[in-house]
Amino acid sequence: LMVLVSNCEKKSIKQEKNQADQKRLNKTTALKADIEKGRMVYFANCVSCHNNNPKKPGSIGPEIYGVTIDVLTQKIVSGKYPENYIPIKKSKIMPLMPHLNKEISYLHAFINSY
């Protein structure tokens with residue numbers, strides 16, 4: 001009986017490890033997909049003002065690497081910054097892009113992947 005219980009425990013631990021590895025792989029794959037979607041959104045809508053590399057300033061817009069999703073959302077959708085946020089540039093030149101509202105999480109993943 002002890003041998004059976006021991007073997008069951010070993011299989012269970014091994015199965016749990018395999019499941020954890022699979023979850024990690026799924027998360028990594030999902031994150032890569034989100035980054036790729038965000039890259040497409042960024043290059044279609046942002047590089048005309050921001051740099052190809054989000055860590056560098058663009059022709060008009062500042063570097064945006066490290067920006068929070070809250071800042072992105074409010075600036076893209078409403079043209080405003082969150083309360084108590086101090087922007088790098090104080091100009092109000094950025095156009096509103098509320099059509100990107102559903103893409104912001106992807107954009108955030110890409111911007112912060114560098």
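What follows is a short briefing, from the overall layout down to single residues.

This is a predicted model, where local features need pLDDT of at least 70, side-chain atom pairs count only at pLDDT 80 or more, and totals for chains, interfaces and linings use all residues. Residues are numbered from 1 along each chain as its sequence is written, and side-chain values use heavy atoms, with hydrogens and water left out. The protein has three helices and zero strands, where helices (H or I, at least four residues) and strands (E, at least two) are DSSP runs numbered from the N terminus.

**Overall layout**

- Going along the sequence, you'll read the pattern α-α-α.
- Of the 114 residues in the protein, 21% are buried; buried means under 20% relative accessible area, exposed means over 50%, and partly exposed is in between, using a 1.4 Å probe and protein chains only.
- Take the contacts between residues at least 6 apart in sequence, and 55% of them join residues at least 24 apart; a contact here means heavy atoms within 4.5 Å.

**Where helix 2 meets helix 3**

- Helix 2 covers residues 69-78 and helix 3 covers residues 104-111; their axes come within 10 Å and cross at roughly 125°.
- Those axes are lines fitted to C-alpha atoms, for helices over the stretch in contact, and the angles run from 0 to 180 degrees between N-to-C directions.
- The crossing of helix 2 with helix 3 is right-handed, a label used if the near helix is turned clockwise from the far one by less than a right angle, with anticlockwise giving left-handed.
- On the helix 2 side, the residues involved are Ile-69, Leu-72, Thr-73, Ile-76 and Val-77, and they meet Ile-104, Ser-105, Leu-107, His-108 and Ile-111 in helix 3.
- Sort the residues of this contact by type and you get seven nonpolar, three polar and no charged; Ala, Val, Leu, Ile, Met, Phe, Trp, Tyr, Cys and Pro count as nonpolar, Asp, Glu, Lys and Arg as charged, and the others, Gly among them, as polar.

**Aromatic rings**

- Rings of Phe, Tyr and Trp (its six-membered ring) pair if their centres lie within 6.5 Å; planes under 30 degrees apart count as stacked, over 60 as edge-to-face, and the rest as tilted.
- By this rule there are five aromatic pairs.
- One of them joins Tyr-42 and Phe-43, with ring centres 5.7 Å apart and planes at 80°, so it's edge-to-face.
- Tyr-42 is buried, at a relative accessible area of 0%, while Phe-43 is partly exposed at 33%.
- Phe-43 also pairs with Phe-110: the centres are 6.1 Å apart and the planes sit at 65°, so this pair is edge-to-face too.
- That pair links distant parts of the chain, with Phe-43 in helix 1 (residues 2-45) and Phe-110 in helix 3, 67 residues apart.
- Phe-110 counts as buried, at 4% relative accessibility.
- Ring pairs tie Tyr-42, Phe-43, Phe-110 and Tyr-114 into a cluster.

- Val-41 lies in helix 1 and counts as buried at 10% relative accessibility.
- Skip its neighbours within four places in sequence, and Val-41 is in contact with Cys-46, Leu-100, Glu-103 and Leu-107.
- Val-41 and Phe-110 are 69 residues apart in sequence, and their C-alpha atoms are 9.1 Å apart.
- Glu-36 is in helix 1 as well, and at 36% relative accessibility it counts as partly exposed.

**The loop between helix 2 and helix 3**

- Leu-100 lies in this loop and is buried, with a relative accessible area of 4%.
- Not counting residues up to four places away in sequence, Leu-100 touches Val-41, Asn-45 and Ile-76.
- Leu-100 and Val-77 are 23 residues apart along the chain, and 7.6 Å separates their C-alpha atoms.
- Asn-84 belongs to the loop too, but this residue is exposed, with a relative accessible area of 75%.
- Phi of Asn-84 is near 70°, a positive value in a residue other than glycine.
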